[in-house]
Amino acid sequence: MLILARDRVAQRDIKGAVNLASQIPQSSPVYKDAQAAIDRWQAEYRRGEAIYAKILEALKKRAWESASQQMAQLALVNDPGWQERLGEVRERSNQEKKAWKFLQDARNFAKANPPAQLGQAIAMTDGIDRNTFIWTLQANQEVLRWRNTIIGLAIAQFDQQNIPAAVALVNSIPTSVQLTTANQDLIRLVRAREIETVDNYRAPGLERIVPLIMATQMVKQIDAQSPFANRAKTLIPRLEQKVQDLTQLNLASSVANLQQIPMLHFAIAQASTISPKRPGRLHAQTLVAQWQKELESMQDRPLLDRAKQVAKSGSLGNLKSAVAMATLVKPKRSLRIEAQTDIANWSNQIQIIEDRPILNNARAIASAGQLGRAIEVAGSIRPGRALYAEAQGLIGEWVYQIQIAEDRSILAQANRLASQGYLTRAIDVASGIGSGRPLFGEARGAIAQWAAERAAIWRQREEESQSVPSDEDPEQSSGFESPIPDPTPPASEPTPP
């Protein structure tokens, strides 16, 4: 029996070993050995229990060094059970250290970032073993505190009608976080409001109606005792009205898709019955505006197509008829811009047909050398006409030719005067060519040259006057014209203008 009891000890069954050893009677020669074994087994087990308790206490306080020392003591306990559990104790210590590192990182992140990002801090605690002291004594409370902060921020954003911000906040709470019933009610409200505020008018009707129905049922799950009950009571009628409006507009859209004038009238009438205070009013107005454009297009398209067909011939009469027909498309109609574009194009063609003979006549007159008359004829094409720019270009060319002819004679007269030594008179004549004239640059160049020559003559006269006797006439001795005034030009030289 004692051998069997020892086997039980090896199997970590101290209680079973004690029970077997206790059955050995006092009369047995191994009774004392059995009692001593029982005392030894129980003492070692209790010693291991005491050390284990100290290890747990050290881990609770994050006294890692003390816990390591106690684990070393536990390794000396002569008990198979505690020896086998030693690896488990060491793993528990490692888990506590890892948990503390996760919690520290989460706390540092929470301190360094705005409260709206506390969800990320919570997510950083997901790596913490839920059986550790760090979680049960510290991290869990920290996570709940952060959760409550996020919930408070979400409530504030919800009440301020900032639904995207409220959605972002509740979505930032990891799924691992424990939520209260009130928390779940807030999330239902936020998600329902998110669905309500979606205005994807282009989506098919059923794709918008079904989420609204689901949102309505979700909000109806909020209990009357919930702190969000009043908000739910306000939201439910709006959701139901929106479902009704969307159902009506979905029917109207199906009818309008037939693309027939009577059906469009019916669809517009149906959508127009949604009153201004209904949640679907804006959507209804958008659809009515769209269908009104389609209706106007269907009504005006035959007229505009007929005008385009008439204008294809390009004749003056047909172009004017096309303009008259396109003018029947009234302002604010959907095809008005297209009609005005066509009218502008056809009017341009009409003006070209009307003004081209005038311009051709002006060219013929100019070819005959009557540039002034050609300018007068081309000038009859008024601003805004299709050929006005072309006419102005020709007028500019003819004016240029006239100015060259006028200024060339002036410059020739000035050159003759200069060649005869009348430099001052030559400068005066060439100065009559004003800026902006074609030969202005050439005239200024000649003037500069004559001025330089005149200055040289004056300097030479001054030098000669200083070298001859005072009673000698410097002008007679030099043979050059007097600088001021200039000698009178020959009688045969015409006076310049």
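N108 is located in helix α5 (residues 80-112), where helices are DSSP runs of H or I with at least four residues, numbered from the N terminus. With a relative accessible area of 47%, N108 is partly exposed, a class that lies between buried (under 20%) and exposed (over 50%), computed with a 1.4 Å probe on protein chains only. From N108 to I343 the C-alpha distance is 71 Å, and the two are 235 residues apart in sequence. The model is predicted: local features need pLDDT of at least 70, side-chain atom pairs count only at pLDDT 80 or more, and totals for chains, interfaces and linings use all residues. Residues are numbered from 1 along each chain as its sequence is written, and side-chain values use heavy atoms, with hydrogens and water left out.

**Confidence**

- The protein chain has an average pLDDT of 86, and 91% of the residues score at least 70; pLDDT is the predictor's confidence in each residue, on a scale from 0 to 100.
- Residues 470-485 have a pLDDT below 50, and this stretch makes 20 contacts in the model beyond near neighbours in sequence, a contact being heavy atoms within 4.5 Å.
- Residues 487-497 also have a pLDDT below 50, with 19 contacts beyond near neighbours in sequence.

**Salt bridges**

- The whole structure contains 27 salt bridges, each defined as a side-chain nitrogen of Lys or Arg within 4 Å of a carboxyl oxygen of Asp or Glu.
- One of them pairs R231 with D159 at 2.9 Å, N to O.
- This pair links distant parts of the chain, 72 residues apart: R231 belongs to helix α11 (residues 229-256) and D159 to helix α7 (residues 133-159).
- R231 is partly exposed at 28% relative accessible area, and D159 is partly exposed at 41%.
- Another salt bridge joins R301 and E338, whose closest N and O atoms are 2.9 Å apart.
- Because R301 lies in helix α13 (residues 281-311) and E338 in helix α15, this pair ties together parts that are 37 residues apart in sequence.
- R301 is partly exposed, with a relative accessible area of 26%, and E338 is partly exposed, with a relative accessible area of 26%.
- E406 and R437 form a further salt bridge, with the closest N and O atoms 2.8 Å apart.
- E406 has a relative accessible area of 38% and is partly exposed, while R437 is partly exposed at 25%.
- Through shared partners, salt bridges connect R301, D305, K308, E338 and D342 into one network.

**Surroundings of R301**

- Not counting residues up to four places away in sequence, R301 touches K308, L335 and E338.
- The C-alpha atoms of R301 and L335 are separated by 7.6 Å, although these residues are 34 residues apart along the chain.

**Helix α19**

- Helix α19 (residues 440-467) has 28 residues and reaches 41 Å from its first C-alpha to its last, close to the 40 Å expected at 1.5 Å a residue; the expected span is 1.5 Å times one less than the number of residues.
- The buried residues of α19 are A443, A446, I447, W450, R454 and R461.

**Backbone phi values**

- Most residues other than glycine have a negative phi.
- R62, which is not a glycine, has a positive phi of about 60 degrees.
- R62 sits in the loop between α3 (31-60) and α4 (64-74) and counts as partly exposed at 30% relative accessibility.
- K332, a residue other than glycine, has a positive phi near 70 degrees.
- K332 lies in the loop between α14 (316-326) and α15 (336-367) and is exposed, with a relative accessible area of 82%.

**Nonpolar surface patch**

- L206, V210 and M214 make a nonpolar surface patch of about 310 Å².
- Patches are made of residues with over 30% relative accessible area and no salt bridge; like charges are joined within 9 Å, and nonpolar side chains (Val, Leu, Ile, Met, Phe, Trp, Tyr) within 5 Å.
- Accessible areas come from the Shrake-Rupley method with a 1.4 Å probe, and for residues only the protein chains shown count as cover.
- V210 is placed in helix α10 (residues 205-220) and is partly exposed, with a relative accessible area of 43%.

Key: Helices (H or I, at least four residues) and strands (E, at least two) are DSSP runs, numbered from the N terminus.
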